[in-house]
Each structure stands twice: as C-alpha cells, then as structure tokens.
Amino acid sequence: MKPSRTIRVIGLLLLGSASLLTEAQIAHAADVKSVSRLAFGPDSILFVADWKGAQVHALALPAPVPRSGEGTFNIVDLEALLSKSLGAGKVKVEDMAARPGSGEVYLAVSIGANKTPAVVAVTSDKKVRELNLASIKSTTVALKNPNNSNYEFWKETPERSFTVTDMKWNNGELFVAGLSNQDFASTLRRIPYPFTSQQTMTSVEIYHTTHNQIETRAPIRAMSFATLGGKPYVVAAYLCTPLVTIPLEDLKDSAHIKGKAIAELGYGNTPADMISYSAKDPSDKPQDMLMLLNYQRSGNIIPVSEVEAANEKPGIDKPVPAGQIVGVQETPAPLVGATRIDNLDDQFFIVVRRELEKDALQLVSFDKAMLFRLTDYVSEYDFPQYRYNNNAFQLKNFKPAHDILMKQEGFPELIGSHE
C-alpha cells in the first residue's frame with residue numbers, strides 16, 4: 001500500500017456533518033502538507049494544524065460509538081503496530097488527542113522518509129483506522145502572518161515548524177501558540193469556531209527566569225487554562241522552564257503583551273505537553289490540577305491553587321539560579337519519556353511515551369489516582385515466592401493498588417497469587 005499525497009483510508013469511515021457546519025461552509029482539507037498538532041472541539045470536531053500550509057483544518061467526524069468497558073490502553077509496541085497497519089516503514093508520532101466519550105485516541109503521524117502526513121484513530125484493542133483527510137467534510141482557516149523563514153536550527157529543524165507549537169480548545173475558541181513573521185515572533189492566536197475572517201493575533205514577551213532577559217522570539221511550548229482570582233488565564237510553559245500566566249482579556253488583536261513569570265521549574269528542559277484535570281485531595285474533595293510533561297525531566301503535577309497563589313504576587317523579575325525550582329510547589333510524576341498526555345476519561349490519562357528501559361514507543365493509560373504503572377517495575381512484590389503474609393500495612397496500602405493495576409495492565413491472572 002503506497003502513501004498518497006493526501007491521506008489513505010484503512011477500513012470504512014462513515015462521514016457525517018457536525019451541527020456547527022452549514023452547507024455554505026463545507027469544504028475539504030485537501031492537500032494537507034503536514035500534521036503537527038491535534039485538538040478536539042465540540043460536536044466531534046477535530047482540529048488539525050498544518051504548519052507547512054500555515055492552516056488549521058476543522059474535520060467534522062461522525063458521531064462516536066459509545067465506549068464500552070474500561071478500555072485501558074496497553075499498547076507497548078506502538079511503532080510496530082502503526083508500521084504494520086499502515087503498510088509503511090518508519091512512522092513518527094507528532095501529536096496525540098483523545099476523543100471525548102469514545103475510548104478512541106487520535107495520532108498525528110509522519111510516514112517514511114518523505115514524512116507523509118496522516119491521522120489515525122487507535123483503540124485499546126490495537127485496532128488502527130486511518131482517516132482520509134481529503135474526503136472528510138471540513139472547513140479551513142489560514143493563519144495570519146505565518147512564519148516564512150527558511151532558517152533551520154542546528155541545520156535540521158525548520159524555524160517554520162514552530163508555526164504551531166501548541167493548540168487547545170477553550171470555551172468556544174481555538175487557541176494557537178507558535179511563531180509569526182513579525183519582529184516579536186512569539187504569538188498567541190484566538191480563532192473562533194465556526195471559522196470566520198476573525199482571528200485575534202497577539203505577540204507575547206516574557207522575562208525568562210533562568211536566562212535573565214526579556215524574550216520575544218522563543219514561543220510558548222505547552223499551555224492550558226485556569227481560572228485565577230475569578231478570571232480566565234492561559235498558563236504557559238516555555239523552554240528551560242518558566243511558568244507564565246496570561247489573562248485572556250489581554251489577548252487582543254495586534255496587541256503586544258508581557259506574560260507574568262510566576263515560577264521556574266528547572267533549566268535544560270523543553271516542555272512537551274500540558275493539560276488540566278481534576279483530582280481528589282487527601283480529604284476526598286476534587287481539586288483542579290495541571291500536568292506538565294517535559295522532554296528532559298519528569299512530569300510536574302501542579303495544583304491550580306498554587307498557580308493562583310503565585311499569580312497574586314508580583315512576577316519574578318530576578319534571575320533564578322540554574323537548578324532551583326521556585327514559585328509553586330509541584331510534585332514530580334514518574335513520566336520520564338512521556339511526550340504527549342490527554343484525559344482519556346475521568347479515571348485515566350492516555351500517554352504517548354518512549355519507555356527508555358526497553359527503547360519502545362508506547363500508547364498506555366495511567367490511573368489518575370495512582371499515576372503509576374506496575375509493569376514498569378520488577379520489585380520485591382513481583383517474585384513468585386513473595387507473600388503479603390497478612391501484614392496489615394501491606395494489605396491496606398499496597399495489595400489493593402497492586403490488584404487494580406494488574407487488572408488494568410492486562411495481568412488479571414496474577415491477582416491473588418501472593419496472598
């Protein structure tokens with residue numbers, strides 16, 4: 001099966017129109033040149049960012065089939081699965097987004113030496129379905145003043161590939177972070193949906209807490225949203241790793257604003273992804289949280305209450321010594337090697353990661369209550385001779401979690417084997 005210029009189809013995809021699309025707006029996402037970022041909006045709309053074309057496409061997917069069962073993901077050989085399913089050689093995962101309410105996970109991939117773009121849907125039973133982007137009903141918006149540089153960082157990474165560094169849906173708008181062709185290149189766009197000619201484009205500068213300088217070029221690498229002091233904010237992470245807050249009310253067209261640096265999370269790092277979620281605190285009350293993934297560090301679990309408290313203080317305006325973490329209290333999460341994360345549902349995260357010990361690309365779920373995969377480790381508990389021996393501490397604190405995780409990760413036959 002040879003890659004086409006657009007996107008091939010594996011299996012049959014039933015097409016449907018979303019309620020937000022009128023007949024006058026229906027078009028096709030033809031001639032997609034790249035797929036760098038994905039985001040889900042309302043009514044089964046999948047947003048696809050094409051940095052080479054400097055466009056964002058809104059695909060009207062058919063209504064999802066309701067998810068049945070727990071549907072935890074334990075795909076520990078993702079590269080082999082994609083290569084076999086697509087009839088291709090090397091497949092690189094560019095981005096990932098979970099489709100709400102479906103149990104499906106969508107991956108943006110580049111195929112082979114030519115990096116042919118594709119979007120595939122993957123389910124927990126290892127079924128892969130590729131979307132035909134040229135035939136799905138869609139609308140398209142062109143990004144204003146896109147970056148048009150021919151420069152390559154380190155002679156291999158095009159500056160234009162940072163046209164869209166993150167893309168998130170929030171309260172009726174698509175927020176697109178990345179670069180423009182302006183002197184102050186770091187840009188945050190607000191794009192209403194359904195698409196119109198309206199597009200708010202704001203340049204954002206920050207004080208970089210480790211570099212000790214005002215920066216206007218390096219873009220936001222990962223972002224999410226939070227309500228702070230009763231007002232909506234973008235919470236953004238930059239290279240190295242300042243955490244910055246930006247009031248949504250300041251994001252006006254043609255404005256140049258300064259984000260407030262509220263924290264520093266460590267030097268020598270590139271943020272990979274950020275999401276919002278809810279977790280229970282020790283008193284069993286729901287608490288708003290942020291999860292930040294990093295390429296060179298473990299993940300950061302950050303309570304929104306910490307961000308809110310930091311945002312009430314003056315922003316950081318003095319250099320933070322390399323290695324220090326200041327501004328917020330965060331909890332490291334064992335997510336080294338994870339490059340993408342999303343909310344699969346209320347109970348589970350879904351994660352794309354490079355499992356370093358096995359050098360394997362994986363698509364796996366994590367229970368939010370534990371943020372831990374038992375099968376990542378071989379410990380005292382895993383030896384066949386081990387027994388809990390009616391030890392009250394072990395039976396209360398470890399055995400229940402072990403039993404849950406063994407079932408979730410595909411080893412239900414081991415439950416009870418150490419009693």
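This is a predicted model: local features need pLDDT of at least 70, side-chain atom pairs count only at pLDDT 80 or more; totals for chains, interfaces and linings use all residues.
So, where is Thr241 found? Thr241 sits in the loop between β19 (231-237) and β20 (242-247).

Tyr193 and Pro194 are joined by one, with omega of about 5 degrees, and Pro194 lies in the loop between β15 (186-192) and β16 (200-208).

Ser254 has phi near 70 degrees, in the loop between β20 and β21 (256-258). With a relative accessible area of 67%, Ser254 is exposed. Leu371 has phi of about 50 degrees and belongs to the loop between β29 (360-367) and α3 (392-397). Buried or exposed, Leu371? Leu371 counts as buried, at 8% relative accessibility.

Okay, on to the pockets. The largest pocket holds about 1500 Å³ of space. Its lining has 41 residues, and Lys92, Val93, Glu94, Thr157 and Tyr295 lie nearest the centre. Which strand gives the most to that lining? That's β6, with 5 residues. By class, the lining splits into 16 nonpolar, 11 polar and 14 charged.

The second largest pocket is about 620 Å³. Its lining has 31 residues, with Lys168, Trp169, Ile275, Asp342 and Asn343 nearest the centre. Elements giving two or more residues there include β6, β23 and β27, and those three also each supply at least two residues to the lining of the largest pocket.

Methods
Residues are numbered from 1 along each chain as its sequence is written. Side-chain values use heavy atoms; hydrogens and water are left out. On a 1 Å grid over the protein atoms alone, a cavity is a set of points where a 1.4 Å probe fits but cannot get out, and a pocket is an open set with protein on both sides within 12 Å along at least five of seven lines; lining residues have an atom within 4 Å of a point. Grid points are joined across faces, edges and corners, and a volume is the space filled by probe spheres set on the points. Helices (H or I, at least four residues) and strands (E, at least two) are DSSP runs, numbered from the N terminus. Ala, Val, Leu, Ile, Met, Phe, Trp, Tyr, Cys and Pro count as nonpolar, Asp, Glu, Lys and Arg as charged, and the others, Gly among them, as polar. Buried means under 20% relative accessible area, exposed over 50%, partly exposed in between (1.4 Å probe, protein chains only).
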